[in-house]
Amino acid sequence: MSKNKSKPNVKRMEASKDVQSLIETLKYVDEEIRENAIEALGRIREKETIELLVQALRSIYWEIREGAAEALGKMGKTVLEPVTDVLKDDDIYARGGAAEALGYLKDKKSIELLIKALRDEDGYVREKAAEALGRLADKKAINPLVQALKDEDSYVRAEAIIALGNIKDPKVIDPLIQGLKDENVEVRGAAAIALGETGDKKAVEPLIQALKDKESSIRWEAAKSLGWLGDKRAIEPLIQALKDKDRKVQEAAKSALELIKGERIL
């Protein structure tokens with residue numbers, strides 16, 4: 001669809017309730033058009049629309065699964081039951097799509113369903129469940145997400161880190177700090193970012209240690225997060241990071257020092 005010369009007319013599709021075409025439009029490369037299609041699908045709150053969107057959760061195209069999940073989420077509690085049924089589907093993409101949809105539903109029942117999905121036999125479903133719990137950011141999910149940090153799948157661990165970072169609670173700090181020691185670079189990077197976004201000063205020393213990580217991407221994220229935290233304990237380590245062999249780390253350290261000291265560094 002991204003190769004079509006003319007753009008799809010989302011308004012006309014919505015007016016004629018052409019749900020199938022709107023679902024196909026979810027594959028369109030233009031982000032604004034995709035968002036318009038999702039909004040339109042969310043407004044057509046008919047039984048047939050819900051059925052087609054639930055079917056779309058099984059699509060081989062991730063763009064359609066993602067868009068269908070978001071559109072279902074905009075419909076509210078009326079879709080909870082049909083989406084929940086898809087969590088029992090044999091297809092992993094269907095279960096993952098259902099988990100994603102539950103993340104858009106502002107319903108307390110979604111929390112328990114997603115916590116259960118964190119124990120799914122397939123890593124893709126567990127990953128989507130962790131991502132959805134992060135979107136809901138409910139404190140009830142803290143302990144299950146901490147358990148998910150032991151998952152064998154690094155994608156699940158990374159999403160669990162991101163989810164914990166979205167939950168504003170002091171209990172998440174220690175698990176996030178542990179995430180800096182994960183064997184997987186993506187998980188450590190997610191932890192470095194999340195710790196900076198918490199604003200908790202307890203993260204300063206662990207992030208200073210992360211400036212010595214063997215991966216330059218982690219050193220870069222740690223430097224940025226130290227800048228956001230604004231603690232003067234990070235000044236000397238960041239000055240040392242100005243000599244890092246990686247240019248991006250040097251630039252991140254310079255920006256962080258400017259944030260902490262409140263002055264421009266030449």
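**Why these labels apply: salt bridges, rings and helices**

Me: How many salt bridges does a search of the whole structure find, and what makes a pair a salt bridge?
Reply: The search of the whole structure finds 22 salt bridges, a salt bridge being a side-chain nitrogen of Lys or Arg within 4 Å of a carboxyl oxygen of Asp or Glu. The structure is a predicted model, in which local features need pLDDT of at least 70 and side-chain atom pairs count only at pLDDT 80 or more, while totals for chains, interfaces and linings use all residues. Residues are numbered from 1 along each chain as its sequence is written, and side-chain values use heavy atoms, with hydrogens and water left out.

Me: Why is the contact between the side chains of Asp 120 and Arg 95 called a salt bridge?
Reply: The N to O distance between the two side chains is 2.9 Å, and the limit for a salt bridge is 4 Å, so the pair qualifies. Asp 120 sits in the loop between helix H8 (108-117) and helix H9 (123-136), whereas Arg 95 belongs to helix H7 (residues 92-104), and the pair, 25 residues apart, links distant parts of the chain. Helices here are DSSP runs of H or I with at least four residues, strands are runs of E with at least two, and both are numbered from the N terminus.

Me: How do you know whether Asp 120 and Arg 95 are buried or exposed?
Reply: Buried means under 20% relative accessible area, exposed means over 50%, and partly exposed lies in between (1.4 Å probe, protein chains only). Asp 120 has a relative accessible area of 17% and is therefore buried, and Arg 95, with 6%, is buried as well.

Me: What makes Arg 233 and Glu 205 a salt bridge, and which parts does the pair tie together?
Reply: The closest N and O atoms of Arg 233 and Glu 205 are 3.8 Å apart, which is within 4 Å and so meets the salt-bridge criterion. Arg 233 lies in the loop between helix H15 (216-229) and helix H16 (235-241), and Glu 205 in helix H14 (residues 204-210), so that parts 28 residues apart in sequence are tied together. Arg 233, at a relative accessible area of 40%, is partly exposed, and Glu 205, also at 40%, is partly exposed too.

Me: Why are Glu 258 and Lys 254 said to be separated by about one helical turn?
Reply: The two residues are 4 residues apart in helix H17 (residues 247-261), and this is why their separation is given as about one helical turn. Elsewhere, salt bridges that share partners join Glu 100, Lys 128, Glu 131 and Arg 135 into one network.

Me: Why is the aromatic pair of Tyr 93 and Tyr 124 called edge-to-face?
Reply: Rings of Phe, Tyr and Trp (its six-membered ring) pair if their centres lie within 6.5 Å, and planes under 30 degrees apart count as stacked, over 60 as edge-to-face and the rest as tilted. The search of the whole structure finds 1 aromatic pair. For Tyr 93 and Tyr 124 the centres are 5.2 Å apart and the angle between the planes is 65°, so the pair is edge-to-face. Tyr 93 in helix H7 and Tyr 124 in helix H9 are 31 residues apart, and the pair links distant parts of the chain. Tyr 93 counts as partly exposed at 37% relative accessibility, whereas Tyr 124 counts as buried at 19%.
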